[in-house]
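Subject: Handover of a structure for your review

Dear colleague,

Please find below the sequence and structure that I am passing on to you. A summary of the findings follows them.

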Amino acid sequence: MIDRRRLRRKLGFWRVLAVLVAGLAVLAVTYASGWRPGGKAGALREEIARVEVTGVITEDRDRLELLEELKTDPRVRAVIIRVNSPGGTTVGGETLFEAIRQLAAVKPVAAEIGTLAASAGYMVAIATDRVVAHRSSIVGSIGVIFQYVDASVLLGRIGVEVNAVKSSPLKAEPSPFAPAAPGAREMIGRLVNDSYEWFVGLVADRRALPEAEARRLADGSIFTGSQGLDNKLVDALGGEAEIRRWLETERGVPAGLKIEEREPEKDGWGLFGSARSALFGLLGLDPSAGDLVEALGGSGGHLDGMVSLWQPPRH
């Protein structure tokens, strides 16, 4: 009898514990869905989502997936893309541009330019329907660049010779181990010009500029936010307050919604991920990088392919 009573008490404890765990799980799911006490039954807590685009832009699957999720999230009434970037790979800018345009087809999307939105960073900003900059922000640098190194003279001085057997003269050209083969610069020039014409077309279309005016502004020049406003590269000066005014007065977004930071989900979250991000930040690397290789690459070192990137002069 004593053993049976002990067994019943144990079973009762585990049953109560299971009910409590299930209840907490339901509450967690409900809270995550946006419902809050005091609201109407089944009501969602609506918000404005803010997504940061910082540092060198590359193809970022996590960020693209986040933008896709925001399209269908019933809590999100609008999205602010906060840009602080010198640019990056042309393909990285293109994929973000397309993802933001798809999002803007469903919900109001605005860009807030921080210190810098140049090259592919500016490309991302104009994907939104409202571009807001600060008076001293840097915008523009519309263009494409392909850089390569000719180290053949240096290699010759230290006695290193690199040979290659190629199927055709332009294969793997330009090479860092020898002067560019005849026709290599022309080939790269065609590549760059094709992407440049596409970039100019984006600017003309998104900023409602005549092609000649867009081409005049697309000489690689950078502008302050104030100059950008005069040249119709941005819509207004200000920050989130100006974006909120536009969303509420012109796009029908309810007043007073909280702006919530949304970040792509990455592996390595938790205490270790936070410590890693803090360390990268102290070293001047990208704190959002998933590992050291990504952080070093994102700090401006190596980018594959053509880049739309503003590089300040070095003294």
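Helices (H or I, at least four residues) and strands (E, at least two) are taken here as DSSP runs, numbered from the N terminus. On that basis, the protein chain has 11 helices and nine strands. The model is a predicted one: local features need pLDDT of at least 70 and side-chain atom pairs count only at pLDDT 80 or more, while totals for chains, interfaces and linings use all residues. Residues are numbered from 1 along each chain as its sequence is written, and side-chain values use heavy atoms, with hydrogens and water left out.

Overall figures

A residue is called buried under 20% relative accessible area, exposed over 50% and partly exposed in between (1.4 Å probe, protein chains only). Of the 315 residues in the protein chain, 38% are buried. The accessible surface (Shrake-Rupley method, 1.4 Å probe; for residues, only the protein chains shown count as cover) comes to about 18,500 Å², and carbon and sulfur atoms hold 58% of this area. With contact meaning heavy atoms within 4.5 Å, residues 24 or more positions apart supply 73% of the contacts that have a separation of 6 or more.

Two strands are said to pair if DSSP finds at least two bridges between them. Strand 1 (residues 47-57) pairs with strand 2 (residues 76-89) in the parallel sense over 10 bridges, and V56 stands opposite G87 in strand 2.

Strand 2 is mostly covered, with 11 of its 14 residues buried. Strand 2 also pairs with strand 3 (residues 109-118), in the parallel sense and over six bridges; V83 stands opposite I113 in strand 3. A right-handed β-α-β unit is formed by strand 2, helix 3 and strand 3. Helix 3 (residues 90-104) has 15 residues and reaches 21 Å from its first C-alpha to its last, close to the expected 21 Å; the expected span is 1.5 Å times one less than the number of residues. The buried residues of helix 3 are T90, G92, G93, L96, F97, A99, I100, L103 and A104.

Strand 3 is largely enclosed by the rest of the structure, because nine of its 10 residues are buried. Strand 3 pairs in the parallel sense with strand 4 (residues 131-133) over three bridges, where V132 is the bridge partner of E112. Together with helix 4 (residues 120-125), strands 3 and 4 make a right-handed β-α-β unit. Strand 3 pairs with strand 5 (residues 138-140) in the parallel sense, over three bridges, and V139 in strand 5 is the bridge partner of A117.

Residue R50

Not counting residues up to four places away in sequence, R50 touches I80, R82, E240, I259, E260, E261 and R262. The side chain of R50 makes a polar contact with the side chain of E261 at 2.7 Å. A polar contact is a pair of N or O atoms within 3.5 Å; within protein, one must be able to donate a hydrogen and the other to accept it, and residues adjacent in sequence count only if both atoms are side-chain atoms. R50 and A111 are 61 residues apart in sequence, with 9.5 Å from C-alpha to C-alpha.

Yours sincerely

Conventions:
A crossover is right-handed if, with the strands pointing away from the viewer, the path from the first strand over the helix to the second runs clockwise.
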